[in-house]
Protein chains: 2
Amino acid sequence: MSNEFDRGGFTLPGEAGYEDLTLEIAEKWGADVIRDSDGTKLSPRIVEAGYRIYSTICVIREHNAFAEAHPDAQQQTFLISDAVLAEGEQVTIDPLAGYFDEQFQLNDSAEAIAYWQVWDRTAGEPVPRERWRYADGKITVTGCTPYHRYTASTLCWRIWEEINMYNHTTNHWTSEHLRQLDPRHPLAWEYLQGWLEEWCVANSQTDVVRLTSLFYNFVWIFGSDMRRRSRFVDWASYDFTVSPAALKAFEAEYGYALTAEDFINGGRLQATHRPPTAHKRDYMDFIQRFVAEKARALVEIIHRHGKQAYVFYDDSWVGMEPYGRYFSAIGFDGLIKCVFSGFECRLCAGADVPVHELRFHPYLFPVGLGGLPTFSEGGQPERDAMAYWLHVRRALARQPVERIGLGGYLHLTQGYPAFVDAIEMMGRQFRRLRALHEQGAPAALPIRVAVLHTWGGLRAWTLSGHFHETDANPLIHINEALSGLPVEVGFINFEQAARGALKDVDVVINAGFAGDAWSGGDAWRSPELVAELTRFVREGGAFIGVGEPSACPGGDTCLRMAHVLGVDVDDGSWACHAPWTFEVARQTPFAVLPESLGQMKNARLAAPDVQVLAARDGAPQMTLRRYGRGSAAWLSGFEYSPASARMLLELLIHLTGAQREAAGVCDDPRVEAAWFPASGTLVAMNNGDTPVRTEAALPGRRIPVALEAGEMRFIEA
Amino acid sequence: MSNEFDRGGFTLPGEAGYEDLTLEIAEKWGADVIRDSDGTKLSPRIVEAGYRIYSTICVIREHNAFAEAHPDAQQQTFLISDAVLAEGEQVTIDPLAGYFDEQFQLNDSAEAIAYWQVWDRTAGEPVPRERWRYADGKITVTGCTPYHRYTASTLCWRIWEEINMYNHTTNHWTSEHLRQLDPRHPLAWEYLQGWLEEWCVANSQTDVVRLTSLFYNFVWIFGSDMRRRSRFVDWASYDFTVSPAALKAFEAEYGYALTAEDFINGGRLQATHRPPTAHKRDYMDFIQRFVAEKARALVEIIHRHGKQAYVFYDDSWVGMEPYGRYFSAIGFDGLIKCVFSGFECRLCAGADVPVHELRFHPYLFPVGLGGLPTFSEGGQPERDAMAYWLHVRRALARQPVERIGLGGYLHLTQGYPAFVDAIEMMGRQFRRLRALHEQGAPAALPIRVAVLHTWGGLRAWTLSGHFHETDANPLIHINEALSGLPVEVGFINFEQAARGALKDVDVVINAGFAGDAWSGGDAWRSPELVAELTRFVREGGAFIGVGEPSACPGGDTCLRMAHVLGVDVDDGSWACHAPWTFEVARQTPFAVLPESLGQMKNARLAAPDVQVLAARDGAPQMTLRRYGRGSAAWLSGFEYSPASARMLLELLIHLTGAQREAAGVCDDPRVEAAWFPASGTLVAMNNGDTPVRTEAALPGRRIPVALEAGEMRFIEA
């Protein structure tokens, strides 16, 4: 490879005490930036070695002295107690029993208690304020109905910053518990701005302030019992943003008051996987504006000191969604995203910000997130890195980023030369891909895909966490497949779909389970939405449903798009009704992988003119149907693999009639390719573990492609 | 065996042309009654041979001449058309497209059209009458919203009696299609009474009029396409009772009008497996009273002629449920029930009527209901008969009936001597059991079980058809198991449970899936019900939930009894919430059969103090929990087998602490027993296919029990 791909766009985690190693690896990996990491420091020799320097700060953490002096500046949340059964007229509730007492502490100030609620959960009604009283950490409810169950929803202080708590409880850290400040608290906000000013002055060597990340952690609620330690974890929920001050400001602005139940929601909270209430939508917008306003103020301080502000999109990301309405107004200079998967690359690459940087995995830590060894006995970090790279490179072939990098303790790479070599290779390939993109975009098939769900663009590409945290949802598999396909991908919500967004779309995908945010739940009660999607297909569009798409009770079918799909799901209400019987097609228009489709035993044909491509135990797994001038497909499920991604591509081509020559699609399904017409280069990737010889279709010609197992090759053509 | 068990209580189907065979078999099987069957006749030699004679009549059928002269006296139903998509302002609907035109004919009389409805199914709204018109068999709808779907609900004549239609289309009958009359039609009713008078006069030899059965067939809707021939079949629905006259009478009595949609229900109709609307409840009571009134008039005619009236509970049974409020007022002398299963024996045996008679299977037909050969090449009728007998005998050991019998073409038994011998054996054993019951009831454990569901006693024992028609519901398996267990069994509905019925109950069982009539659906929104069941368990009762018991949206748990069971089911709304982890108990208090429990992947522990007896793929399959002074158990599913019936018995004993000695429970789980203390006889049944030597526990002693494979033995003890 030529020298131009040896260096640049690479952020190396440096480590004091390992100066030689740091500089040696920086050279080998072609780093142009050296950063510190959570738990590491840079020494003067590193800082002065001629690299640009990133310095990591977590704005709201590491201010324990201030937090102890101003405990009311800490962050909060609502929590619901266990339900207590009334056997007589009175019950006593211990509001935080069962929660981790190192994380939560009751906020029993008068202004907080004003927001507390007691509910009769059997009747489904709040208990009037005059029927409960609080004393000594307990709530006593009177006038109970015997054998009803009562809960208390209270505001609590969060007295341990959750990422620090995770590292202590998982990685056996023993340092002081870090607290977190709420920037909504006036004194805290004043303090944080001053602190950042001072920090910038004290860190003159820093070129880029790497914010990890902003203010409010994703919701992570620990239990006291190890059998339910991680009681609730949602990487995109807003519960941890709340406080009496926030509630008062909300009420002043919106003209109505939120209650504890708006957050508690019968004990379920409001997870991102579920459609939000109207109140939650309002609240999210309210918080997003607040986060953007405060973040902008911090960025301005950083800029004033001649530094750049990059934000690491993880941990305290709530309210700063990169596709949210206020993100670009913050003025960040860069967005850094850790990536296991292709969809995370696309999430980063598509954000409206000058610099996009990926932090590769594995993190340079002894063990990985799943608890298995990485850089320790039994670990094979080069194998892990390659596995992630196979996901990442196909997305990078579709859409570029400016930078990549790593994090953690660099000294751990010692003794893992295969890993060091692998990262060197990935750096070169990344730079080569980046150069291709600079010369001109890769060709795509003329297929514009819109993924349709509750959140639309706000949660483009991601559901609410990493792949392995959301992999029970077919949509994350669909997104992962799409991240490397030669098609245009957008994310729209139901309101947009009903109001004109389909005019720029060829294929709509709705993938989820009944009642979840991805399928859409009650959104499908809208006749406008259903009629518009029906029109879209009648007039030539394609609709792909996965799992229980458009499922919503109360219609004449369980799936509101059953009349288009020709498939319905029996939620039990089709009792005694026979479905249409079918035979599985002997010949399918493309290779169908039943093992990637899972099974829904209650799926059934709702129309006779449906082609069944796969079935199991009498239930269809994959169907096709012409509908008007358009077409529809239904899949019982979808699990990502390179082969199933190819199946999805073939389905998209089949539904739209697109010509595959436009994008260099290879004959062998194990090989994915990106065709860069401006530079006359075909990037061919063998996703399999054996060598492949195949051909790629290009406009007007075919070229041979020969790849080793796993190889990515740049073919001048 | 002694002679007293050789004869009596047996109804033989005689057949003209086979007089010798009839009388020979009558002797061998110990018949005291000879009957005709659908399609057979008795000859004078048979009639005069000294046996009592049953003659079968189907009151509303075989009056084609009258029906042709009075087509408006035929029965009717509502049907919904296929939905038609509007692409412009107007759609045309063919109301009966897709239905079997030999079964249905549009009733386009003015009084019928007044009840027709057109719906915009996309909007979920009826279309005003002025926006649709009917002409030439088609409905034209104007002012449509483009891309909305429209349906028409019409009243239709049913021009082919459904059982006759079934026999034609399944058994290749070629005779004239029989029509059916609606007794609500004044002329028809007058005609039918006169016809019955004449019939009684003309059939002086008949001792018992065997009514097959009353007026309204269960709902069976055929499609025109063989891929969906049997579109809807529900053995207990009321759609076929409707007519403008019925609707007018209903409105006059109830003060509100039913509409087509009360029957059509968005195209789903109102299947017995689903909770009924309040309107349907009213309508059912209305029809039950009508059926009872008309049936009573017919019975009185029969009685006036010195004959008895037995009713065969099948086919046209709608409105005459034996546990309905009006059944005993009809005055039937006997109830005949065909039985495949134990629950059907108990259904018959427990009805308030002087004589209970079982019609055994297999029916003497060349092929069985499932289409497999019985009395034809490849058939093994003796094996089939034994399989049914194993189900039936254990129920007969718990509760007696007076009579048994067979139906069909007797000549088919020629060449099947093993079958003839098997029936002889069953006749003897039946008589011996009957005699034991006459001396005194079998001992039961002190366990009163209440099966709790929407229908309560109205649908005691049965769901809505035979076992094989409803076997996807765990409750039918529970009922089948209970039918032979030494416990007291009752059936209660939710209103009864909430209002005092639990005072006579030790164990409540609720078994079904979310939203079905057996689990209960919206009934669980009642705080009174939940509180009362909670009280019941707290104070010492036991609650067994199977599948998704008490499932109902809108609560703080998905199962409204989750706080008692310690188990909940995740309908998706528990997204991001971790359940309690668990370990499966190493020792269980009784033998647990995971293969009988099925699996619910979304089941989860809702409390830490739950004992998990079985689990699969991380989800519990069976749990136990102490709750207050009582206890609860949850099973993911239940499939009947002799072994699982024993598991259920052991569970009941475990939950209640009952002493098994009271009822002669045998040590070996393959052996069931009934202990008749008055006659000092233990009836021991080996349900397995190998010999067993075991012991039975009796009050104060144990006795040895040795049985051959499949044997039922009467042991004096």
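In the predicted model, Tyr147(A) is found in the loop that connects strand E11 (138-141) to strand E12 (149-158) of chain A. The phi angle of Tyr147(A) is near 70°, a positive value in a residue other than glycine. Most residues other than glycine have a negative phi, and most peptide bonds are trans. Tyr147(A) is classed as buried because 22 other C-beta atoms lie within 10 Å, the threshold for this class being 20 or more.

A positive phi is also found at Cys576(A), a residue other than glycine, with a value near 80°. Cys576(A) lies in the loop between strand E24 (567-569) and strand E25 (603-605) of chain A. With 26 C-beta neighbours inside 10 Å, Cys576(A) is likewise counted as buried.

Pro362(A) is placed in the loop between strand E18 (355-359) and helix H12 (381-398) of chain A. In chain B, the peptide bond from His361(B) to Pro362(B) is cis, and omega is near 0°. The loop that holds Pro362(B) runs between strand E18 (355-359) and helix H12 (381-398) of chain B.

Gly541(A) occupies the loop between helix H16 (527-538) and strand E23 (542-547) of chain A. Gly541(A) counts as buried because it has 25 C-beta neighbours inside 10 Å. When residues up to four places away in sequence are not counted, Gly541(A) touches Leu502(A), Val505(A), Asp506(A), Val508(A), Phe536(A) and Gly630(A). The C-alpha atom of Gly541(A) is separated by 7.6 Å from that of Arg629(A), although these two residues are 88 residues apart along the chain.

An open sheet in chain A is formed by three strands in the order E29-E30-E33, with antiparallel pairing. Strand E29 (671-676) and strand E33 (712-716) of chain A stand at the edges; each has a single partner strand, so one side of each is left without a neighbour in the sheet. From one strand to the next, the twist averages 20°. Strands of a sheet pair through backbone hydrogen bonds, either parallel or antiparallel. Strand E30 (residues 681-686) of chain A is joined to E33(A) by five bridges, and the two strands run antiparallel. Within this pairing, Met685(A) has Met712(A) of E33(A) as its bridge partner. Helix H13 (residues 417-439) of chain A lies across E29, E30 and E33 of chain A. The direction of H13(A) is at about 145° to that of E30(A).

The contact between the two chains takes 50 residues from chain A and 50 residues from chain B. On the side of chain B that touches chain A, the elements giving two or more residues are strand E15 (230-234) and helix H16 (527-538) of chain B. Of these, H16(B) gives the most, with six residues. By class, this side of chain B has 18 nonpolar, 17 polar and 15 charged residues.

Methods
Residues numbered from 1 in each chain as written. Chains lettered and ligands numbered in written order. Predicted model: local features only at pLDDT ≥ 70, side-chain atom pairs only at ≥ 80, totals over all residues. Helix = DSSP H or I, 4+ residues; strand = E, 2+ residues; numbered from the N terminus. Buried ≥ 20, exposed ≤ 12 C-beta atoms within 10 Å, placed from the backbone. Contact = placed C-beta atoms within 7 Å. Nonpolar A, V, L, I, M, F, W, Y, C, P; charged D, E, K, R; others polar. Pairing = 2+ DSSP bridges. Axes fitted to C-alpha atoms, helices over the stretch in contact; angles between N-to-C directions.
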